[in-house]
Amino acid sequence: MNTQSRPRTEPLLEIRNLTIRYREGDRHVTAVRDVSFSLKPDGALAIVGESGSGKSSVAGAILDFLGPASEITGTILFEGQNLAELTPVQRRNILGRRIGAVFQDPFTALNPALRVGRQIAEPMVQHLGLTLADALGRAEAALREMGIDRTAEVARAYPHQLSGGMKQRALIAAALACEPPLLILDEPTTALDVTVEAQILRLLSRLRADKGIALLFISHNLGVVRRLCDDVAVMYASQLVEFGNVRHVLEQPAHPYSKGLLASRPPLAATSRNSRLAAIDGQMPISAEPDAGCVFAPRCPFREPSCSAGPQPLTIIPGGRTVRCWKAGEVGPWPRQQVTAAAPPTFHRGDALVNATRLSKTFDASRGLTDWRLSVTGGRPQVYRRPSRVPAVNDVSFSISPGEVLGLVGESGCGKSTLGRLLLQLLRQSGGSVEFDGADLARLPAQALSPFRKQAQIVFQNVGSSLNPRLSVGEALDRPLALFSLAKPRDRTRRVEALLDMVRLPAAYRTRFPHQLSGGERQRVAIARALATEPRFIVCDEPVSALDVSVQATIVNLLADLRDAFGLSYLFISHDLAVVAQLSDRVAVMYRGRICEIGTAAEVLAPPHHPYTQMLLTSAADDEPVTGPAVSDIGHGARTGCVFAARCPHKLGTVCDTTPPPLRTPSTTHAIACHLDTLPDTAVPPVRADPYPQRAAI
Amino acid sequence: MIGYVVQRLVSVVVIIVAMSILVFLATHALPSNAAALILGQYSTPEMQAALEHKLGFDQPLPLQYWHWASHMLQGDMGQSFEMERPVAPILWDALGRSAILALSAMAVVSTLGLALGVIAAVWRGRWPDHAASIATYFGVSLPEFYWGLVLILTFASTFHLLPSTGYAGLSDGVGAFLSHLVLPVATLTLTLLAHVARLTRSSMVEALESMYVKVARARGLPERLVIVRHALRNALIPSITVLAQDFGFLIGGIVAVETVFAYPGLGRMLVGALERQDLPLMQAAILVLTGVYCLANLTADLLYGVVNPRIRYGGSIG
Amino acid sequence: MALVVGGALVVVLIVVAALAQWIAPYPYDQMHIRDRFLPPSLHYLAGTDEYGRDVFSRLLFGSQLSLALGMTATLISMGIGVPLGLLAGYRRGATDEVIMRTLDVMMAFPPIMLVLLILAVTPPSLMKTAIAIGVLAVAPIARVTRSVTLDLMSGEFIEAARARGERLRYLLVRELLPNVWPVLMVEASLRVVFAVLLGAVLSFLGFGVQPPAADWGLMISNGRAFVDTAPWISLAPGIAMSITVIGISLVGDGLREVLDPKLGSRR
C-alpha cells in the first residue's frame, strides 16, 4: 500500500511553465509552451488534444523520454522534488518505483524475447529488492487483478502469443508492479477494440478506487476521458487552452476549440441525411506564433480583430476554470452546419445496385509442413494437422440500392474489410455471389470486369500507405482518367483540378507529394482518386479511423456531400458506431464473419436488439457500461451455434452453442440473428451528451 | 516448432540432392578427354575407349549419376585420376585440416565480431564507434588473400615471427602446430570480422532504439541491465543468420587462404583438382564442401528456431 | 557527406578506367627487361614487376577490367533478379514458392563453389567470369527485391490500383518499381563491391582473366613469389582495389543515408 505520509492536499505532481522545444536540423519546433497544472495524490487528470498538440511531449518530459534533441525549461515537481535537479540514479529510482507508465502501442512496448511475467517482475526486483521468484509470484497476482484468469500461462508466455488487450493489461500490471502513487497513461486504449477498451477503462477505474492511485491520462478521445478523470486540460498547438472539471468542460465547454471539438463528434444516434457534423475548418498549425495573437483564431468562427492583436493569456472564469480566450463568457455554441433539406430518397429492395448473396470467404493460408503439430498424449506421441480456420466471411447476404449508404460496423477481425474487398472482387469469394447492376461478377469474362471497376471504387483507412509515395497528387489522379479514357490528354489537367475542387483542396496541390500532405488531405486525395472514375458505388473501408476527431468530421461531411451531389452508394465500414450512424441509412453489425443484425440506423440503434449491438453501444457511450461477465479477449466461436455465444451476457444456454440462431424480422427492413425474443435491459439506450444543450447558451 | 524442424530437414535433403545433380552435370560438361588424361599422351584411341568403357563414361547420364550417387552414399568417392588413389581417405584428411582452420576462425569471429558490434552500437556516435567503423571499412575492402600476403610480409618475412606456409600436425608439438595456424586463421578472421561487426552493430542499434527498450528505461531499470538483458537478447537473434551466411564466405575464404599459405586443406586440394581436371576429386570436394555449408545452415536455422520465441512457441494463448 | 566523397572517388575511377590508354605512361604489356624489380620511383610510379612492366600503368588498365566486371555482373544479376523478386513478391502463392525454392538451392552453395563450378569447366574469360558472378548474385538481389515488394504490398495503393483493374505489368513497373529502386541502388553498390572482390579471388586462383592481362588479382598472384624482395608488385594492386571498393561502398552508404529519412515510415 501507499506508504507516503505527505498530506493529501499537497499536489503529487506539479508542472509549472513547462516549455519543450525540439531541435530539428537547424530549426526549433516548440511542442509545449508554458503549460502549468497540478495533480492531487488521488486525482485523475486528463490531457486532451489532437495529434500535434503537444500532449504526449508533456508525459515524455516527466518520464525523461524525449531524447537529446529536446530542450526542456520550466519546473516539474513530483512529490515536492524537482525532477531536473535529481541525479540520473535518483531519477531512475523514481521512475518505475513512484511513477508507472503505460503507452499507446502494446505491440512494441513489450520485449519480444522475454517472457511476460519476467518483464512485470523486473521492476520489482530492481526497486523493491525482491528475489526473482517472489517477484514472479507477485506478477501473477498482479495479472489476476487485471482480470486475467490463466495467470500462470500468461506469465510464462511470450508477447507474440497474447492478444492486444492482454498485452495492454500486462503492461498496466508492469507499470503498477511497485505500486506507484502516479500512473501516466499515453493513449493506452487507442490501438484496442472498443469493447476491449471499455474493459480496460473499467479496470483502471477500479484500480483507482481500490488503490488510490493518481492518474495522468493522455488521450484524444473525449468520451473515454469523461469516464475516468476528474479534471481535464485541453491542449491546442502546444498551449493549454482550457482547464477545469471534466464534466463541466465536456458539458459546457468555454474555449471555442473545446466547443468545436465536442461539437464535431457524431451523436450516437441515427441522423437524417441532411445533417452534417459541425466541423472546424483548416488544420492545426505546426509552428504556432502565439505572440502574434490567438493561435486558434484562423479557425475560430467567433474571431474578432482583437484576437490577433497580441498573445492571449489564461483567464479564470466563474466556476474555477481557466480558459485562454477573452471571449469565453460571451460566446455561444459552435455553429451548426446547415444543409438545404432535400427529400430523403426511398429505397426499394428490388432495384439493388449491389447484391451479395450468401458470401463466404475462407483464407487457406499456404499450408506447408508447419501445420503439423506434435502432441504427446498418454505418453504416446501423435502427429496431426492443425485444424483449418474459421471463415473470415460466413454466409453474408444483403443489398445496397443506388444512392443508399449501408454502414458495416464491427470490431477488428470480424471480417468487415474482407467483405468490402469481396464486393469489389479484390478477393475471390469461396462461396456465394456478388451481383452488380444485376450481373453476377464471378461469371463475367475478364474484359467485362473493366466497366465494373470503373463504377465501383474503394477508399482505405491507412492514409500513410493508400497513396503511392512516389507519385504526385496530379499523377495519381491523372492515371484513372487515362486508364478509362475519361478525358482527352489536354483536358486532363482541368479534370484533375476539378476533382481537387470537389474534395475541397486547392488546385496547387497537383504538384505535391503525399509526404507533404497532412492525414486529412491525403484522405481527400484518396477520395478524389476514387471519384475520378465517376463511380456509382464506393467501399469506404474505415476512411476516418486514422484521423483526428475534427478532421474526421470534415471528411464525413465531405462524403455526405458527395453522396448527395452524385447519387453515390457507399458501403461504409467502421468500428466506430457513432460515425457509422451519422452517415448511414442502414446499418449491419458484424461479428466473426456473420451479420448479427441489419436494419435502418434508427432500428438498429434504438433500442438495440442483438446482444452484441448492445455491447457495442454501451462501450461507445459515455456512461458506465452494462457489466458483463469477465471475458477473455478472443472468444472461441463454436462451429455450429451462434458466433457470439462465448461472449454473450444474455446467453440462453447450450442452444446458443449448438443451434444457429434464427433470423427474426420485426419489420421488413430489420433482421436479427438471435435466439432471444427480446433483449432484456432495453431501457432507453445511452446517448452521447448533446453538444447543443437546451439549457441557456454559455 | 516441430513443423519448422521438419520443414528444414526436408529442405536440406532436397537441396543436397539438387546440388549433387548440379555438380554431376557441371563436371560432366567438361570437354576434356578424361581417359587420355589418365593414360597419358602415348595412349591410343583404343586404350582410351576401353578405359572409358571401364569407367562407365559411355553409359547414359542418368545411369552414371545413379552409380556415382549410390557410391557416394556408401562413402566410396571413386579414384583420383591423377593420384591413382581412392579419393575418400585423402579427402577426409584434408577436410580435417581445413576444419581446424574454419572452426578456429568461426570461434574468433563469433566472439570478437559480436563484441565489436555491440560496443560500436552502445557507444554509437562516439570514438569507439568511429574507430570500429573505419577498421571494418578497410576490413571489407580487400579480399582475404591480400591480407594473407600482407600478414606474411609482416610477420614471416620481415619479422620472422611465424612460418609463412605449410602445416604441422600435433605430433610435431603444440607450438609448431599453433604457429602454423596463426596467420591463416588471422587472415580468415579479418574480413569476416568486419562483416559480422557491422551487421551486429546495426541490429543492436535497432534494438537500442526500440520502444521496449525505452519502456524498460522508463521503468527505472539500470542501463547495463537494459543493454544486456533487453537489447542484446533481441539483437543476437538475427546475428545467428549473419554467422551462418558468413560460414559460406568462410568456405570461399578457405580456398584462397589455403592457396596463399600452402596449407594442405580441402580448399587447396579442390583448386588443384580443378586445375588438373581430376574429375572424381573435384566432384567429391565440391559436394563435401557444399554439404558442410548445408549442415552449417541447418544448424543455424535450428539454433535460430530455438532462440527466437516466435518460432519456438508458435501459437497464441488468447 | 559519404555520398560526396564516395561519388568523387567513383567518378575519378571511371574516368581513369575510360582514359587508361591515354593516361598510362606505358602500355600494360611492355617489358623493360633491364628495369626488372625496380622499386617505386619517378620513372615507374609503382615500380616494375618480374618482366620489367610498369606496375602503375598495369594498375590503370586493371581498373578497366575490375570496373567492367563489377558493372556487368551487377547488371546481369539485377536484370534477372529484380523481375524475379517483383514477381515473387507480388504474386505470392505457387509462383513465389517455386521461385524461392529455386533461389534457396542456389543460395545453398557457398558463393565461391557455384562460380568455380561454372568457370572450371569452361575456358575462363572476363565475360564468363562476369556471367558467373552475375548468376551467383541473382539470388540475394531477388530476395531483397522480394522482401521490399512484400513490404510495399501491404500498402493499400497497390489495392487501389487493382481496384481500377490495372494489369500486372503496370502494377510492377509503374507502382512497385519506383518504390523499390532506392533500396536496390544501395544493394547494387554492395553487389559491385562483391563482384570486384570475388573477381580478384578468381583471378588470383587462376580461374579468371588469363595472363598477360593486367588484372589486379592476377598481379597479386604473380607477385606472390617475390613478396620478400619486391613487395610492391603485390601491394600496389591491393591499394588500388581498396580505393575502388571503399569509393563504391561510400556511395552505397551515402545513398542509404539520403534515402532512409525520405522513406519515412518505412523503418
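Setting aside neighbours within four places in sequence, A:A173 is in contact with A:I120, A:A139, A:A142, A:L143 and A:M146; contact here means that C-beta atoms, placed from the backbone, lie within 7 Å. All of this is read from a predicted model, in which local features need pLDDT of at least 70, side-chain atom pairs count only at pLDDT 80 or more, and totals for chains, interfaces and linings use all residues. Residues are numbered from 1 along each chain as its sequence is written, while chains are lettered from A and ligands numbered from 1 in the order in which they are written.

A:A173 also leads us to the largest nonpolar core, which has 367 residues: A:A173, B:A285 and C:V115 touch the most other members. Such a core is a set of buried Ala, Val, Leu, Ile, Met, Phe, Trp, Tyr and Cys residues joined through C-beta atoms within 7 Å, and buried means that 20 or more other C-beta atoms lie within 10 Å of the residue's own. Helix α8(C) provides the largest share of this core, 17 residues. Domain 1 (255-330) and domain 2 (349-584) of chain A both contribute residues, so the core lies between them; the domain bounds come from an automatic or database assignment.

Now to the places where the chains meet.

| Side | Residues in contact | Residue classes |
|---|---|---|
| Chain A, touching chain B | 40 residues of chain A, 27 residues of chain B | 20 nonpolar, 12 polar, 8 charged |
| Chain C, touching chain B | 30 residues of chain C, 34 residues of chain B | 22 nonpolar, 5 polar, 3 charged |

In these classes, Ala, Val, Leu, Ile, Met, Phe, Trp, Tyr, Cys and Pro are nonpolar, Asp, Glu, Lys and Arg are charged, and the others, Gly among them, are polar. On the side of chain A that touches chain B, α2(A) gives the most, with 5 residues. On the side of chain C that touches chain B, α10(C) gives the most, with 7 residues. Helices (H or I, at least four residues) and strands (E, at least two) are DSSP runs numbered from the N terminus.

Chain A also holds an open, antiparallel sheet of 4 strands in the order β2-β1-β4-β5. Its edge strands are β2 (27-39) and β5 (81-82), each pairing on one side only; pairing requires at least two DSSP bridges. Strand β4 (residues 70-78) of chain A joins β5(A) over 2 antiparallel bridges, and A:F78 stands opposite A:Q81 in β5(A).

Finally, a word on confidence: the mean pLDDT (the predictor's confidence in each residue, from 0 to 100) of chain B is 81, with 90% of its residues at 70 or more.

Notes. Two residues are in contact if their C-beta atoms, placed from the backbone, lie within 7 Å. A residue is buried if 20 or more other C-beta atoms lie within 10 Å of its own, exposed if 12 or fewer, and partly exposed in between; C-beta atoms are placed from the backbone.
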